[in-house]
Amino acid sequence: QDEETQHSLECIQANQIFPRKQLIREDENLQVPFIELHGESTEYVGRAEDAIIALSNYRLHIKFKESVVNVPLQLIESVECRDIFQLHLTCKDCKVIRCQFSTFEQCQDWLKRLNNAIRPPSKIEDLFSFAYHAWCMEVYASEKEQHGDLCRPGEHVTSRFKNEVERMGFDMNNAWRISNINEKYKLCGSYPQEIIVPAWITDKELESVASFRSWKRIPAVVYRHQSNGAVISRCGQPEVSWWGWRNADDEHLVQSVAKACASDSRSNSNKLMNGNCSRDFSNGGDLSDVEFDSSISNASGAESLAIQPQKLLILDARSYAAAVANRAKGGGCECPEYYPNCEVVFMGMANIHSIRKSFQSLRLLCTQMPDPGNWLSALESTKWLQHLSVLLKSALLVVHAVDRDQRPVLVHCSDGWDRTPQIVALAKLLLDPYYRTTEGFQVLVEMEWLDFGHKFADRCGHGENSDDLNERCPVFLQWLDCVHQLQRQFPCSFEFNEAFLVKLVQHTYSCLFGTFLCNNAKERGEKHTQERTCSVWSLLRAANKAFRNLLYSSQSESVLYPVCHVRNLMLWSAVYLPCSSPSTPADDSCAPYPVPGSSPEDQPLGRSFDNLTTACDSSVPTTNRRSSDPSLNEKWQEHRRSLELSSLGNPGDDPFDGDSLSKQGRAPAGAELSVAAGVAEGQMENILQEATKDDVGLEEHLRGSLETVGKGDEIALDKEKRTEN
């Protein structure tokens, strides 16, 4: 009752809680050059060289004669003055903005303003997502009963744990149980309140295990293969230290996971009674490329069915050297002698410091002007694609163990909140087509990244007083890049398109929504972010046509086996590469609530589209047919088979151009914005053209439909205005 009263009070008094600030104009004739969002307050408007520059409590807006730059303040990582009169803004998603001023004094004034604006908040309520939600609720208070839940993520997200346990078919009578030992986060502050463990493991044993695992992150089951019952579980590293400590309850729990799989009544019918053909990986050492390739190709389908007894695979994301070095800090890895029915594999994934360095090198390369002549060698030297390759290989190893060998897998790194969710979430995406739907992907992100405590506030730098740059790292962005690689290789297997992922990258940092605030679910509960901010899933919902993959087929491959070699990976140009010129984004005056009487699919895309770039470009002609077209599927599947046989060449390209802005002309000298660029034409487009060469009429019809969908924000705005009129 107290929470409801507090929430109602906030809705009524939004203008007192988040008051508008006094606008300061450098010139009395200047006007705010954009339509403000609910709760947005412009503080400064001035003139740059051949441009109008404005700063609000949410964004930096630069309007040139033929183009517009918009960037949320929390997306800006640093601002510095270069060449006396030029501001150089580096963004967290690889953008770079350069703005030229007429005088040194003016440049310094804007430098101070921007540095004050992008400073991490002293309290979380200073982030714009709280003001945005409060003003939305106040504006639409009279319609709250009808539209008040639109900012919410949806029932499939809020009831995700219960729904997932039922969907995956856990045997809760004999094999597994739901433990409430972490109710109110009393055991582990970075874990969900409910976890799945073997049925015979008591809470007292779990407490003992927690004392032995880093940050009390005990082994918890997060996925069950619906056909064979093999599970994926995750945890933090064991605290072995130099003293070589061991914990009998931890050893018992890990072995019990494998036993619970065997006793799962739903999986017993799928197992052969004799033989053991589960493959051993190289114990005690890092997995080389040769070993990886042979490990996933040396067993036949018949052999992989025989997995009795099951041997649990412990996948340590670190290198063996890094795992041993962690013993000096009280960590370490499992000793095979103490876990007799288990096998330990080290994947050699880099830590956050190496990933951050790699990303900074990539950003520097992608924003060089002019285009460097040694592009390919420079790209290789960033090691970004190499890191993606190792991550994909790690996830694929989990998939082979679970799907083909029917072996349970336990994944961990050091603390279990960076590399661990990357591997587990990617493996689940490959194993289960549900997670490749729009709703399923939302559930996947909520469960593996948010519920299990990935430190978004520290990694993105928008937490309270999160000034430590050593804690920042684009871990989630790296994972989304891997999802994009899968989309390119399997263009018919995802219900959402590349635009969906590009938007998710932007709003991971923008702080327009409260989804990615704080470091864990406990903090989000204490700050009441779910009640006081909008969910990003209210924008990226299944009914939003702008994010729908027209090639999606629910009959595509059940389990995906991607090509993981570096030569098969491609730079995510829609996110990292600069366009030849900044361009005018779509309008931002859409309301976040539906128009009464209209269908869900025709609803506006929301003011949350703001002035961030739309992620589909309709200006480039495309040749598209729905994935349900038999000729398209036959030709694509034929091409996929040839790809798998050769393991050479580029995977299929997304048919969308991927340019997130429509070109409007070059920016004036001294002002450049690195924004999304077009995806190079590739094999997928050629296949689509071949599939449609005998049906020109249908091609033209669908091309027009796609152009209509691709307009993103603008089509939503037009629909809203027509409905109101």
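## A hairpin, a sheet and some buried rings

Strands E6 and E7 make a hairpin with 3 residues between them, and Asp83 in the turn has a positive phi of about 55°. This is a predicted model, in which local features need pLDDT of at least 70, side-chain atom pairs count only at pLDDT 80 or more, and totals for chains, interfaces and linings use all residues. Residues are numbered from 1 along each chain as its sequence is written, and side-chain values use heavy atoms, with hydrogens and water left out.

Helices (H or I, at least four residues) and strands (E, at least two) are DSSP runs, numbered from the N terminus. Two strands pair if DSSP finds at least two bridges between them. Glu80 faces His88 in E7.

Cys94 sits in the loop between E7 and strand E8 (96-100). Its phi is positive, near 90°, and Cys94 is not a glycine. Cys94 is also buried, at a relative accessible area of 0%. Here buried means under 20% relative accessible area, exposed means over 50%, and partly exposed lies in between (1.4 Å probe, protein chains only).

Now for a sheet. Its 5 strands run in the order E1-E2-E3-E4-E5; the sheet is open and its pairing is mixed. Strand E1 (24-25) and strand E5 (68-72) are the edge strands, each pairing on one side only. Strands of a sheet pair through backbone hydrogen bonds, either parallel or antiparallel. Strand E3 (residues 51-56) and strand E4 (residues 59-64) run antiparallel, joined by 5 bridges. Ala54 has His61 in E4 as its bridge partner. Helix H3 (residues 104-117) lies across strand E2 (42-48), E3 and E4, and runs at about 30° to E3. Such angles run from 0 to 180 degrees between N-to-C directions, with axes fitted as lines to C-alpha atoms, for helices over the stretch in contact.

Which residue carries the "active site" feature? UniProt, in an unreviewed entry, places it at Cys413. UniProt positions are given in the numbering used here, feature names are shortened, and annotations may be inferred rather than shown by experiment. Cys413 lies in the loop between strand E15 (409-412) and helix H17 (419-431). With a relative accessible area of 3%, Cys413 is buried. Its contacts (heavy atoms within 4.5 Å) include Gln237, Asp316 and Arg318, leaving aside residues up to four places away in sequence.

Next, the rings. The whole structure holds 26 aromatic pairs. Rings of Phe, Tyr and Trp (its six-membered ring) pair if their centres lie within 6.5 Å; planes under 30 degrees apart count as stacked, over 60 as edge-to-face and the rest as tilted. Tyr320 and Phe346 have ring centres 5.3 Å apart and planes at 75°, so this pair is edge-to-face. Tyr320 belongs to helix H13 (residues 320-325) and Phe346 to strand E14 (residues 342-346), so the pair ties together parts 26 residues apart in sequence. In another pair, Phe359 and Trp384 have ring centres 5.6 Å apart and planes at 55°, so this one is tilted. Phe359 is in helix H14 (residues 352-366) and Trp384 in helix H16 (residues 384-404), 25 residues apart.

| Residue | Relative accessibility | Class |
|---|---|---|
| Tyr320 | 39% | partly exposed |
| Phe346 | 2% | buried |
| Phe359 | 5% | buried |
| Trp384 | 0% | buried |

One aromatic cluster includes Phe441, Trp449, Phe456 and Trp479 among its members.

Two helices can be checked for length. The expected span is 1.5 Å times one less than the number of residues. H16 has 21 residues and should span 30 Å; its end C-alpha atoms are 30 Å apart, which agrees. Of those 21 residues, 18 are buried, so H16 is largely enclosed by the rest of the structure. Gln406 follows H16, with a positive phi near 55°. Helix H18 (residues 438-451) has 14 residues and should span 20 Å; its end C-alpha atoms are 19 Å apart, which agrees. Of the 14 residues of H18, 13 are buried, so H18 is largely enclosed by the rest of the structure. Gly453 follows H18, and its phi is positive, near 75°.
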